[in-house]
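This report concerns the structure shown below. Please keep the sequence and the model in view while reading.

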Amino acid sequence: MNTQLYGSDWVVIGILILAAAALGYALLTLNQIIAPSKPSAAKAAPYESGVPEVVATKPRFTPRFYVVAMLFVVFDIEAIFIFPWAVVFDGLGLYGFLAMLAFMFLLFDGFIYAWKKGALEWA
Amino acid sequence: MVDNPLWVALIVGGVLMFVTLTGMAYMTWFERKVLARFQDRLGPTRTGPFGLMQPLADAVKLLGKEDLVPAAADRVVFLLAPIVIFVTAIVGVSVIPFGGAISIFGFELNLFAADVNVGALVILALGSVGVYGIVLGAFASANRFSLLGGLRAAAQVISYEVVLGLSLVGIFMLAGSLSLREILVAQQDDLIFNLFGLSISLPNWYILSQPIAFVVYLIAAVAETNRAPFDLPEAESELVAGFHTEYSGFRFSLYFLGEYINMIVISLFASTLFLGGTDGPGAASVWGLGVVYLLAKTVMFLFFYLWLRATLPRFRFDQLMGIAWKVLLPVALLNILFTAFVRLIANDEITIPAWVWIVAAVVLAGVLVLTSLNDRANRPRPSAQAGD
């Protein structure tokens with residue numbers, strides 16, 4: 001078992017994130033140096049499979065996506081509770097199992113309600 | 001296990017990133033060759049022996065392409081989004097353990113860049129931050145195909161991310177850790193069974209103790225990386241190129257790099273979690289054999305991706321969301337409860353008398369027989385409408 005502080009490993013990840021961003025940026029700069037640049041109105045227009053754009057794109061979409069986002073928040077928070085529970089499961093014993101059973105029962109309750117309400121339908 | 005000084009860890013991380021980039025380049029070559037063989041073609045042959053120089057030629061070509069920004073686009077977001085997906089994809093490789101201490105030129109070092117105690121969470125988190133790259137790029141493009149692709153990508157990735165995370169909970173429970181190195185170490189013991197006087201020794205790989213989680217993970221991983229048959233965000237038959245329709249030059253390449261590196265990372269992750277990672281016969285004694293095992297398992301997963309792409313048609317969007325929420329999510333949750341229950345019995349926290357097992361087996365058999373009889377009774381009779 002490694003008893004050292006994990007701090008230095010996070011520093012490594014942080015530096016690698018910066019290095020990766022720098023690498024991506026360097027490649028893009030290289031692209032801009034090498035590549036020709038001949039801007040024109042046609043190139044700057046949105047791609048519409050060769051047809052001129054009639055109405056500008058409006059970022060409007062069906063509310064179903066919001067429903068999925070809300071379900072995601074619910075279940076992602078559940079995952080946040082389950083991960084630490086799983087790691088210390090052996091120490092919690094029967095009590096931990098029953099507590100999670102109760103939690104999951106409540107969650108499933110809501111899940112089945114959302115299902116029956118049609119929150120999962122896309123037709 | 002030795003302590004890597006910071007500069008050694010950074011060198012290892014840099015080498016891993018370089019290897020991943022090269023691996024990604026040859027992943028495109030591998031994909032084209034394998035798909036070509038599936039379709040009775042040859043694939044790239046002209047650039048070097050077996051077309052091996054093809055990735056290099058592609059990179060040079062893309063570096064020489066004009067970097068277009070549409071007039072209506074949100075410039076700053078449009079320019080930054082590809083970097084987000086590239087960074088989140090490639091940093092994932094830094095927490096994958098490629099083995100423990102190894103001596104290279106008489107120098108002891110660990111074959112991983114960062115050993116954090118929540119390595120598995122880091123990979124899941126990077127995957128979900130990566131979707132920002134897709135969504136922001138799509139919204140900033142001011143193109144309707146991009147917008148639709150970006151929305152689909154967002155809904156798909158967040159749905160399958162929940163499934164992906166929950167499918168791994170059983171493993172965290174068995175290993176008692178979220179650290180990828182400790183999960184790796186936990187898989188190196190052998191399981192020894194005594195079956196009719198015959199002693200059978202199996203590796204303690206989690207694919208054997210968590211087969212349901214493995215299947216759920218495989219499906220969710222394909223969807224999480226937006227690959228066929230779940231490549232709805234870039235369905236070319238309906239959305240041109242989906243979220244990256246307006247991207248060109250090396251900005252397009254960064255999306256491409258991100259997608260392929262994500263595949264590699266998620267395959268390395270799967271090999272580590274389910275297939276014992278660097279574990280294998282002789283891995284502990286022969287120098288460097290562990291890395292070979294890990295890479296062989298990863299290539300197997302990558303081939304599986306290509307196999308799926310060559311075989312299966314694309315799903316519809318409602319089917320895609322239905323699989324995640326109505327099938328995989330309940331299965332993953334039940335798998336967690338089942339694993340926890342079995343674990344309790346194994347830990348002697350609860351003891352179940354023999355008569356309960358017998359009653360349970362009888363009830364289960366009865367339910368199975370009744371449902372099969374019921375199915376047979378409810379099946380529509382042929383011939384009734386045939387004459388009309």
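## Model and domains of chain A

The structure is a predicted model. Chain A is divided into domain 1, residues 1–36, and domain 2, residues 60–123. Taken over C-alpha atoms, the centres of domain 1 and domain 2 of chain A are separated by 35 Å.

## Contact between chains A and B

On one side of this contact stand 58 residues of chain A, and on the other 69 residues of chain B. Four elements of chain A each give two or more residues to the side that touches chain B: α1 (7–34), α2 (41–44), α3 (64–87) and α4 (89–116). Of these, α1(A) gives the most, with 20 residues.

By class, the side of chain A that touches chain B has 44 nonpolar, 10 polar and four charged residues.

## Helices α5 and α9 of chain B

Within chain B, the axes of helix α5 (residues 144–167) and helix α9 (residues 211–224) come within 9 Å and cross at roughly 155°. Angles over 145 degrees count as roughly antiparallel, and α5(B) and α9(B) are therefore roughly antiparallel to each other. The crossing of the two helices is left-handed.

Helix α5(B) makes the contact through Q156(B), V157(B), Y160(B), E161(B), V163(B), L164(B) and S167(B). From α9(B), the residues are A213(B), V216(B), Y217(B), A220(B), A221(B), A223(B) and E224(B). The contact of α5(B) with α9(B) comprises 10 nonpolar, two polar and two charged residues.

How values were computed. Residues are numbered from 1 along each chain as its sequence is written. Chains are lettered from A and ligands numbered from 1 in the order in which they are written. This is a predicted model: local features need pLDDT of at least 70, side-chain atom pairs count only at pLDDT 80 or more; totals for chains, interfaces and linings use all residues. Two residues are in contact if their C-beta atoms, placed from the backbone, lie within 7 Å. Ala, Val, Leu, Ile, Met, Phe, Trp, Tyr, Cys and Pro count as nonpolar, Asp, Glu, Lys and Arg as charged, and the others, Gly among them, as polar. Axes are lines fitted to C-alpha atoms, for helices over the stretch in contact, and angles run from 0 to 180 degrees between N-to-C directions. Angles under 35 degrees count as roughly parallel, over 145 as roughly antiparallel, 65 to 115 as roughly perpendicular and the rest as oblique. A crossing is left-handed if the near helix is turned anticlockwise from the far one by less than a right angle, and right-handed if clockwise. Domain bounds come from an automatic or database domain assignment.
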